[in-house]
Amino acid sequence: MGKTTSRGDAAARAERKFEKKLDFYAKVRQTVASLSTNKAIAKKVRSRQKKLKAYDLSTLTEFLPDLKASQQPKPAEFKLKSKTRKNLVLKEDNQLQAVINHPAFQSDPLGAIHQHLQSTQPTVDEKPKIRENKNGNRKGKKKSKASAGLQSMEI
């Protein structure tokens, strides 16, 4: 006629069903929590990448000249051993003492340095540059049409 199950079995089945729902909801909560933390971490990573992108100067390399030959120093020149370093320090110390004891330096230190730089630095020929505006034309006052008309009448 109808069901042959007892009420005890129905209650146990309902209890199992309820436990399964609780487990499912717990897994859903755990997944949502992990996804939200992953999303927060991804936001932080993206913001860091944006900040780093502001400091990325790799796009400027195409406009700069190649300096590979001058960037590779000769290793023998720059390796200073302790003996070489000691000799260099002694030589520089002697040079400094000679400069300090020089009478021109004692009377006018800045003037002596200025004179030394003028005698040792190469001279630079600077020509005054002609200014040009945005169109590439030289700057200057343009004559008005009225003054141009007067000049033609005088001729």
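Student: In which element is Val 28 found?

Tutor: Val 28 is found in helix α1; helices (H or I, at least four residues) and strands (E, at least two) are DSSP runs, numbered from the N terminus. The model is predicted: local features need pLDDT of at least 70 and side-chain atom pairs count only at pLDDT 80 or more, whereas totals for chains, interfaces and linings use all residues. Residues are numbered from 1 along each chain as its sequence is written, and side-chain values use heavy atoms, with hydrogens and water left out.

Student: Why is Val 28 called partly exposed?

Tutor: Val 28 has a relative accessible area of 34%. Buried means under 20%, exposed over 50%, and partly exposed in between (1.4 Å probe, protein chains only), so Val 28 counts as partly exposed.

Student: How do you know that Tyr 25 and Lys 21 are partly exposed?

Tutor: The relative accessibility of Tyr 25 is 46%, and that of Lys 21 is 47%. Both values lie between the two limits, so both residues count as partly exposed. Lys 21 also has its place in helix α1, which covers residues 7-54.

Student: What makes the pair of Phe 24 and Tyr 25 tilted?

Tutor: The structure holds one aromatic pair. In it, the rings of Phe 24 and Tyr 25 lie 5.8 Å apart, centre to centre, with 55 degrees between the planes. Rings of Phe, Tyr and Trp (its six-membered ring) pair if their centres lie within 6.5 Å; planes under 30 degrees apart are stacked, over 60 edge-to-face and the rest tilted, so this pair is tilted.

Student: How many helices and strands does the protein have?

Tutor: The protein has seven helices and zero strands. Of its 155 residues, 1% count as buried.
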